[in-house]
Every structure is written in C-alpha cells, then in structure tokens.
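Please keep the structure in view while reading.

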Amino acid sequence: MPIPEDVTGDEIDKDVRQELQSLPKTLAEDVAKNLVMVARLIDEDPEGAYGYSKVALRLASRVAAVREAAGFAAYANQKYGEALAEFRAARRMTGTVDLWPVMADCERGLGRPEKALDMAGAPEVHKLDKAGQVEMRLVAAGARRDMGQLDAAIVTLQSPELASNSVQPWTARLRYAYADALLAAGREREAREWFAKAVEADRDGSTDASDRLAELDGVEFVDALSEDVEDAEDGADAEDGADAAGESADAAPEDGDKD
C-alpha cells in the first residue's frame, strides 16, 4: 500500500523501534512506516489502518508490536475474533497483561459477556496499572449491561476513581459510562448530573457527553447551512409549483371550447 512521502518510520515509539532492530534494516524501515500509517489512520479511517496492519503483519509477524497493532486495527473494524487472536499472540510474546482489558472487550464483541466477567475477576487484573484497572471496570460494566444487569453495571462503576475530583485520562469516559448506565436505568436526574461531570473532565472531546447533556436539557442544535439549503429548496419547490399552476391555467379550455 502507498506510503506518503512525509512518513519516514522514525515517528514510531522508541520501544517499538527497539523491537524492530531484530529485523534487517530495510525491512525494519518498511514495517515501521506501515505501523505509522496504522496509528495515523485508525481513528479516522479504520479500514485503511487495517490494510496497513496486514502489510506489516505479512512482513514481520514475529514482532509483538506488529501483532498488537494488527489486533487494534482488527478491533477498530469490529473483527473481534481476529483481534483477540492477535492480542493473545502479542501477550504470549511479551508476557505482559496490558492487553487484558481489550481482550475481555473482544469477548464481549463475540457475544460472550460471561467470559469477559470471568476475565474481570482474574488475577491478571491486579497486575494492571491504574488506567488498565479502570478500563477493566468499564469492560465489566459493559458486560453486565450486555446481560441486562443494569443495577449491577451501575454498582460496578462505583469506585474511588469515579468519586475522585481529580481529572485523569480515564475520568471523562468513566463518568460518561456511569451517566449512560444511570440513564438506561431510568435515573435521569442523576444521569444528567454525571453527564455534566463528564463534560467538565472531557478536555479533548473523547466523548459526546456535551451532546447527551444538551439532549437531556431539551436543547436542539440546528445546522444553519442545512437550514439555508432547505429554505432554498422549499422556495424553489414553491416557485415550481406556482409555475406549474400557471401552465395548467393557460392550458385549460374555455367554456365555449368544450364539446
């Protein structure tokens, strides 16, 4: 697949670059460039990212970073079985537990929320850092909701991290998930409160908490450009209708012309 001229491969993380040192130099450079493209496209163009990940995988399937990138690209395209296989391979290669939460979420994607809950209670969770533990809590709450256990999902999300006033990288998503679970349970007043708290913590717009809050407040956003286009179209339709009516009147026979 084509690589833009501005991509050199040097943009990758130094740990990944170190992994690639086991490859011949030219091959390592090619793999690095494809990994850069995966990272660049995965949010805006997941299909494109998936394509580049397959190239990298074909070139260096024995590199853990490549298997991990392939897993995330598959995950972004909802190819959960493929993603899980890649994450398992990467975990075998590294021996780390960092991918445990996303592996559990793949189980959810495959329709196995019970398996995700089993993973949430596994010893591996205690080896995760704080961000990983919060992610695992989010996955477990999602699994509860998959099973129709809304109250259990709400309880799962209640934690010191949720109650904390400090803003961490995971704070907005945790508050958002809690608000969404409350709303699903019919607790609208509490949901509004937590959507507002999610907005306060969402400094990079990682959630649509502001839209959800506005929706609860009955605020409707109108696209001014779309409105102008619709008005123009309505005006054109009205004008066409008037012209058609005029043509019909001109074409109508007078009484004296009737048989």
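Predicted model: local features only at pLDDT ≥ 70, side-chain atom pairs only at ≥ 80, totals over all residues.

H5 and H6 run roughly antiparallel to each other, because their packing angle of about 155° lies over the 145 degrees that set this class. Helix H5 covers residues 80-94, and its axis is 9 Å apart from that of H6. The crossing in which H5 passes H6 is left-handed. On the H5 side, the residues that meet H6 are Tyr80, Ala83, Leu84, Phe87, Arg88 and Arg91, and their counterparts in H6 are Trp100, Val102, Met103, Cys106, Glu107 and Gly109. By class, this contact of H5 with H6 comprises 8 nonpolar residues, 1 polar residue and 3 charged residues.

Helix H6, residues 100-109, also packs against helix H8, residues 130-146. Here the two axes come within 9 Å and cross at roughly 10°. H6 is therefore roughly parallel to H8, since the angle is under 35 degrees. H6 contributes Trp100, Pro101, Ala104, Asp105 and Arg108 to the contact, while H8 contributes Gly132, Glu135, Met136, Val139, Gly142, Ala143 and Asp146. The contact of H6 with H8 divides into 6 nonpolar, 2 polar and 4 charged residues. Trp100 of H6 takes part in the contact with H8 and also in the contact with H5.

Both H6 and H8 return in the description of the largest pocket, as does helix H4 (64-76) together with helix H11 (171-184); these are the elements that give two or more residues to its lining. The largest pocket holds about 960 Å³ of space. Its lining consists of 28 residues, and those nearest the centre are Tyr75, Asp105, Glu135, Leu138 and Arg173. Two of these central residues, Asp105 and Glu135, also belong to the contact between H6 and H8. Which helix supplies the largest share of the lining of the largest pocket? That share, 8 residues, comes from H8. In terms of class, the lining of the largest pocket has 17 nonpolar, 3 polar and 8 charged residues.

H11, which contributes to the largest pocket, packs in turn with helix H12, residues 188-201. The axes of H11 and H12 come within 8 Å and cross at roughly 165°. This angle makes H11 roughly antiparallel to H12, and the crossing of the two helices is left-handed. From H11, the contact draws on Thr171, Ala172, Arg175, Tyr176, Tyr178, Ala179, Asp180, Leu182 and Leu183. From H12, the contact draws on Glu188, Glu190, Ala191, Trp194, Phe195, Lys197, Ala198, Glu200 and Ala201. The residues of the contact of H11 with H12 fall into 11 nonpolar, 1 polar and 6 charged.

The second largest pocket contains about 320 Å³ of space. Of the 14 residues that line the second largest pocket, Val16, Leu35, Ala39, Ala65 and Ala69 lie nearest its centre. Helix H1 (14-20), helix H2 (25-41) and H4 each provide at least two residues of this lining. H4 therefore links the description of this pocket to that of the largest pocket. The lining of the second largest pocket includes 10 nonpolar and 4 charged residues, and no polar residues.

Terms used: Residues numbered from 1 in each chain as written. Heavy atoms only, no water. Axes fitted to C-alpha atoms, helices over the stretch in contact; angles between N-to-C directions. Helix = DSSP H or I, 4+ residues; strand = E, 2+ residues; numbered from the N terminus. Parallel < 35°, antiparallel > 145°, perpendicular 65-115°, else oblique. Contact = heavy atoms within 4.5 Å. Nonpolar A, V, L, I, M, F, W, Y, C, P; charged D, E, K, R; others polar. 1 Å grid on protein atoms, 1.4 Å probe; cavity = no way out; pocket = protein on both sides within 12 Å on 5 of 7 lines; lining within 4 Å. Points joined across faces, edges and corners; volume = space filled by probe spheres on them. Left-handed = near helix turned anticlockwise from the far one by under 90°.
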